[in-house]
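Subject: Structure handover

Hello,

I am passing this structure on to you.

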Amino acid sequence: MITSKVLLIVEDDLGLQKQLKWAFEQYEVVIASNRDEAIAALRRYTPSVVTLDLGLPPDPTNATEGLATLKEILALAPATKIIVVTGNDDRANAIHAVALGAYDFYQKPVDPDVLGLIIERAFQLDALERDYHILQQQKPLTGVIATSPQMQAVMRMIEKIAPTQATVLLIGESGTGKELMAKALHRLSARASQPFVAVNCAAIPETLLESELFGYEKGAFTGAVAQTKGKIEYAQGGTFFLDEIGDLPFALQAKLLRFIQERVIERLGGRKEIAVDVRIICATHRHLPDLIAQGNFRGDLYYRLSEIVVDIPPLREREGDIITIANVLLQRYCRENNSKEKHFSHDAARALEAYNWPGNIREMENKIKRAVILSDNNFVTAEELEIGTDNDKSMPLNLKSVREAAETIAIKRALTYADNNISEAAKLLGVTRPTLYGLFEKYGLQALLRNHTDEHQE
């Protein structure tokens, strides 16, 4: 079966060549027996993943030729995922190969099932990196790193509402990138050449917040020695971003509501109304309806602010984004700290995917930056990241569990791409609607059916 996934197997043992070609027939398998053949195949087929036996002729008893082949492949195609295959007593050379840039290593005797899992994970990582580079080239939202269907949906929404004048409320946990999305809304709007002014309502004392927002006249209070514009005025013609709007003092909410309705402000100590043309974007990690019920937030202000609500998912719910974002951050902090290029070790990659990330991307930034500074090796470990794999949610080794996990992810993605239309999702998955309903029941996904549509019901 020929697919777009090209796997280059560099192995001089004819029997093992046949075994591996048969075991991995789901890929387009290319065989090479020595370094020259491997480089020729690399140039012709540009494989994404390579399995490389370190014991190659003319001296298969040591790893010299294999390591030389590894270096040459990486020099020609640095993104290639190379899995080195070694003998039982050659762990030192395997680790050395990984330090040189190999993706992973596997020790003989070969178990096709286990090696197959390593190969498939390498293809998955390659696909994520390719998706990221495509997104970077398109640059619909500069600075936003996302390949997951959850964040793709958010970005499509941002692109649709950015050119409008609608007031937007961004909802999401701390560290999910709400200000980044606010800046994207500004950058993609007709106001992009005008100021983007941000105020964090939780970071400014209540006694100072009013003057910070609206400004003040000379003599308005002790210490007001000159007329001073507020942040809203400084945003004239552009975008005014109120972060952590849920922490806005109740007494100020009425004044903000009047500004939103009338688009005029009065400085503290002043009597003159000042017209201000700004677009308003707000963000919060708090559940505003609960605050309204508690009497801590005005319902009329909430409805003014929430013309369009964008819910930004936490990092743990963004399928595939964790390792993509982590790799980008790792390379960024290596550059910023003048560090040699580093990669994540296998245990670190598993730990990154398994960790719950309560602090979201901000927490990831801190952990990776610390690890880059403290690590003395080419590979950052889970220990250096200070995250463990006790709650490991990464891909299991049991093939039945792997298949079930993959099917669950595919069903969720198909529903996302089909806008929850069951018939369309079934077509994307290549199954019938009754089969898809059966899979919902099999994997306990009935909750996903609550918002579904079906072309026979429309």
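First, the ground rules. This is a predicted model, in which local features need pLDDT of at least 70 and side-chain atom pairs count only at pLDDT 80 or more, while totals for chains, interfaces and linings use all residues. Residues are numbered from 1 along each chain as its sequence is written, and side-chain values use heavy atoms, with hydrogens and water left out.

Helix packing

Start with helix 13 (residues 321-336) and helix 15 (residues 360-374). Their axes come within 9 Å and cross at roughly 45°. (Helices are DSSP runs of H or I of at least four residues, strands are runs of E of at least two, and both are numbered from the N terminus. Axes are lines fitted to C-alpha atoms, for helices over the stretch in contact, with angles from 0 to 180 degrees between N-to-C directions.) Helix 13 and helix 15 are therefore oblique to each other. (Under 35 degrees counts as roughly parallel, over 145 as roughly antiparallel, 65 to 115 as roughly perpendicular, and the rest as oblique.) The crossing of helix 13 and helix 15 is right-handed; that is, the near helix is turned clockwise from the far one by less than a right angle.

Contact means heavy atoms within 4.5 Å. On the helix 13 side, the contact residues include Ile322, Leu329 and Tyr333. Helix 15 brings Ile361, Met364 and Val372, among others. By class, this contact has 11 nonpolar, no polar and 3 charged residues. (Nonpolar covers Ala, Val, Leu, Ile, Met, Phe, Trp, Tyr, Cys and Pro; charged covers Asp, Glu, Lys and Arg; the others, Gly among them, are polar.)

Now helix 6 (residues 149-161) and helix 7. The two axes come within 8 Å and cross at roughly 35°. This crossing is right-handed as well. Met151, Val154, Ile158 and Ile161 of helix 6 touch Met181, Ala184 and Leu185 of helix 7. That contact holds 7 nonpolar residues, with no polar and no charged ones.

(On a 1 Å grid over the protein atoms alone, a pocket is an open set of points with protein on both sides within 12 Å along at least five of seven lines; a cavity is a set where a 1.4 Å probe fits but cannot get out; lining residues have an atom within 4 Å of a point. Points are joined across faces, edges and corners, and a volume is the space filled by probe spheres set on them.) The pocket has 23 lining residues, and the closest to its centre are Thr176, Gly177, Leu180, Ile361 and Glu365. Helix 7 (178-187) gives the most to this lining, with 5 residues. The lining divides into 8 nonpolar, 6 polar and 9 charged residues.

The whole structure has 2 cavities of 30 Å³ or more. The largest cavity holds about 50 Å³. Its lining includes Ile9, Leu52, Val85 and Lys108. Strand 3 (49-53) gives the most, with 3 residues.

Backbone details

Most residues other than glycine have a negative phi, and most peptide bonds are trans.

- Pro57 and Pro58 are joined by a cis peptide bond, with omega about 15°.
- Lys108 and Pro109 are also joined by a cis bond, with omega about 0°.
- Trp357 has a positive phi, near 50°, and sits in the loop between helix 14 (346-354) and helix 15.

Best wishes
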